[in-house]
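The report that follows describes a protein model, going from one residue to its surroundings and then to the chain as a whole. Please keep the sequence and the structure in view while reading.

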Amino acid sequence: FLVTLTAVSLSGLTDTKTTVIEIINTAPEVAMSLPTEAFEDDAVNISAIVVSESPVDEGNLEYSWDFGDGNFKSGPSVSNVWEDSGIYPVTLVAFDDQGAVDTVTEFIEVKNQAPVADFQIQDSGNSVGALSIDTNGALVLENTYLIFNASLSTDTPSDINSTSYNW
């Protein structure tokens, strides 16, 4: 911007001084609320925190998130689900309407949850030796055939298809 001052005397004499004013956009400064750890397949809520921003740009920030697992989102508050355990960088890029940018990266450790082993015991129907079968076990005569079913076992959705069962 140019600012010009013109001084005029009573007799009509003038003098003019002009100067250039450069306005510099202040970049935003952001942080994030991110837990240090989570379990795989659990939704994790994350929010941007504006540390400083010029009053002119306040409310005009855009947010872009990279979760380090191939997923990207935008907005001041987001959530993500990591399907695999590991340590992931979470990067937030905040930019204002004039292109000033701040970037912050933090890390989250995503942990695997142990599977839960559970099973049912059923009489095979081919013998008469099952005296008692319940959730606590079975009381059977020798040479009794039982069926053991592990379908009550659980694991996280991303791991259930690779869970193995050893009897």
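Phenylalanine 148 has a relative accessible area of 43%, and because the partly exposed class lies between under 20% for buried and over 50% for exposed, phenylalanine 148 counts as partly exposed. The model is a predicted one, and in it phenylalanine 148 belongs to strand E14, which covers residues 146–149.

On the surface, Phe148 takes part in a nonpolar patch together with Phe119, Ile160, Tyr165 and Trp167. The accessible area of these residues, taken together, is about 540 Å².

## Overall shape and surface

How does the radius of gyration of the protein chain stand against that of a compact globule of 167 residues? The protein chain has 33 Å, whereas such a globule would have a value near 15 Å. The spans of the C-alpha trace along its principal axes are about 125 × 20 × 20 Å.

Of the 167 residues in the protein chain, 25% are buried, and the accessible surface comes to about 11,400 Å², with 53% of it belonging to carbon and sulfur atoms. Among contacts with a separation of 6 or more, 50% are made by residues 24 or more positions apart.

## The hairpin of E1 and E2

Strand E1 (residues 2–8) and strand E2 (residues 14–20) run antiparallel and are joined by seven bridges; within this pairing, valine 3 stands opposite threonine 19 of E2. The two strands form a hairpin with five residues between them, and glycine 12, which sits in the turn, has a positive phi of about 95°.

## Aspartate 41

Which backbone angle of aspartate 41 has a positive value? Phi of aspartate 41 is near 70°, and this residue is not a glycine.

Aspartate 41 is placed in the loop between strand E4 (37–39) and strand E5 (43–52). Is aspartate 41 buried or exposed? Its relative accessibility is 19%, and because buried means under 20% relative accessible area, aspartate 41 counts as buried.

Note on methods
Residues numbered from 1 in each chain as written. Predicted model: local features only at pLDDT ≥ 70, side-chain atom pairs only at ≥ 80, totals over all residues. Heavy atoms only, no water. Pairing = 2+ DSSP bridges. Helix = DSSP H or I, 4+ residues; strand = E, 2+ residues; numbered from the N terminus. Buried < 20%, exposed > 50% of the residue type's maximum accessible area, 1.4 Å probe, protein only. Rg over C-alpha atoms; globule rule 2.2 N^0.38 Å. Contact = heavy atoms within 4.5 Å. Areas by Shrake-Rupley, 256 points an atom, 1.4 Å probe, with all protein chains shown as cover. Patch = residues over 30% accessible without salt bridge, like charges linked within 9 Å, V, L, I, M, F, W, Y side chains within 5 Å. Salt bridge = Lys/Arg side-chain N within 4 Å of Asp/Glu carboxyl O.
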